[in-house]
Amino acid sequence: MRRLLLVDCDQFFVQCARLADPEGAGRERLLLVGGTPEGRGVVTSASYETREFGCRSAMPTAQALRLCPEATVVPVPRAMCGVKSRAVREVLKTFTPLVEAASIDEAYLDLTGTEALYHHESLTATARRIQAAVKAETDIVVSLGGGPTRVVAKLAAERAKPAGVHVVEPGGEAEFMLGFDLRDIPGVGPVLAERLRSMGLVSVPDAVGLEESELEGMLGAGRGSWLYHRLRGRGSDVVEPRAPAKSISREETFPRDLRTDEELERELMALAIRVASDLRRQGLRARTVTVKIKDGDFRSRTASRTLDQPLESDRAILAIARELLATLRKRRRTGARLVGVGVSHFSTGEEGTQLVLFDAGDTAPALETDRDRRLSRAADELRERFGHDAIRPGRLLGDG
DNA sequence: TCTGGGGTCCTAGGACCC
DNA sequence: TCTGGGGTCCTAGGACCC
């Protein structure tokens, strides 16, 4: 039986916004982070005070403002969020080497085997010391949940908020789970929750009496068995460092739907260049390029292409992206609210070079040449020295 | 008043190879 | 000449998380 903790920052973006601007956002009790009053953005984090009015994260900001007209809206303080996220993680690492950053504001800790080190204090006592240390060293308020599995630790942290600690003792998982709705279980989203509700199942007690085979019959073997164990607080208890990223993508929702191919291509270019430069900054090349479009009616479509040769240059990645956008637009040409570009199937720069060497005898022309790569790297250097606006797309792409 | 941006994982069908 | 099964890769879509 493992001893896991989930450390979760309370209203993380709100805390960061207040720390970033003590005289402004720092004085606002009714604070919404993310989006704008007029635009299409949503709330990333709503202060506890605005939640009294019904404001929630992921809610359109305009809607949140109608619920709470006195609220102040500020943009996500990205830099401060990065600084505080890393700072919190550093504090956590002083308690155990087994720290898994699950997201920007959450981390799992495995304290199994630290009992002697911590003089056999309770997990609750350790959690309180961690909470105090994080506050003292980073000024960030966290809540902690403890339990033998990740799902139990996660739900315990929800129960602990705000600024609390809740530890579920070994053997107490099943009973603890009875206090939740199915929708609260991580992995049960809106779609599955609605499907369960249509079968008369809303809370954990509604479903916990069903046999595993019954749930499998209702949801399919995989999901049914998965849910059967989740209902009892069973699941993974593995805490390990996050694997390296598998994809990089950038997307943008426009203030108004774009109707023409020309407008969309212009946005696509900016996004492709951002993706490509982020890719190079991480020393990677990518074999797959994906373009995503979300039409005005919210239908989302993707097109992707995987190549033998891994790419890193602005020119090559944009060329593929353009082709994919044309495919999507040919299939359905209607107003688009969003376009996005992503890359995946990474190799490191070194591996990429190897592959290109092997392909040297191939008759197919290389999609990306050394000249493309040199141009892109030169653009990276200019950006580094003079800022993002120093580069004009024409020059950057080598056709100017 | 509609509904962000950055990710991960899963599924399912078809191509292709052995 | 007809038949098949398994494994892997690719593509598209979608659920889900924070």
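Which strands does helix α1 lie across, and at what angle does α1 run to β2? Helix α1, residues 12-20, lies across β2, β3 and β4. It runs at about 105 degrees to β2. Axes here are lines fitted to C-alpha atoms, for helices over the stretch in contact, with angles from 0 to 180 degrees between N-to-C directions. Helices (H or I, at least four residues) and strands (E, at least two) are DSSP runs, numbered from the N terminus.

A word on the source. This is a predicted model: local features need pLDDT of at least 70, side-chain atom pairs count only at pLDDT 80 or more, and totals for chains, interfaces and linings use all residues. Residues are numbered from 1 along each chain as its sequence is written, and chains are lettered from A and ligands numbered from 1 in the order in which they are written.

Now the sheet under discussion. Three strands form an open sheet, ordered β3-β2-β4, with mixed pairing. β3 (45-46) and β4 (72-74) stand at the edges with a single partner strand each, so one side of each has no neighbour in the sheet. Pairing requires at least two DSSP bridges between two strands. β2, residues 31-33, pairs with β3 in the antiparallel sense, over two bridges. There, Val-33 stands opposite Ser-45.

Next, β6, residues 106-110. Four of its five residues are buried, meaning 20 or more other C-beta atoms within 10 Å of their own, with C-beta atoms placed from the backbone. β1 (4-9) pairs with β6 antiparallel over five bridges. Leu-6 sits opposite Tyr-108. β5 (99-103) also pairs with β6 in the antiparallel sense, over four bridges. Val-99 has Leu-109 as its bridge partner. β5 and β6 form a hairpin, with two residues between them.

On to the core. The largest nonpolar core has 51 residues. Such a core is a set of buried Ala, Val, Leu, Ile, Met, Phe, Trp, Tyr and Cys residues joined through C-beta atoms within 7 Å. Leu-5, Val-7, Leu-32, Leu-109 and Leu-144 have the most contacts inside it. Helix α6, residues 150-160, gives the largest share, seven residues. A second, separate core has 27 residues, including Leu-258 and Val-289.

Last, the DNA. Which residues come nearest to DNA strand B? Of the 20 around it, they are Arg-40, Ala-58, Lys-246, Ser-247 and Thr-253. Near means a C-beta atom, placed from the backbone, within 6 Å. β9 gives the most to this surface, with seven residues.

Technical notes. Contact = placed C-beta atoms within 7 Å. Buried ≥ 20, exposed ≤ 12 C-beta atoms within 10 Å, placed from the backbone.
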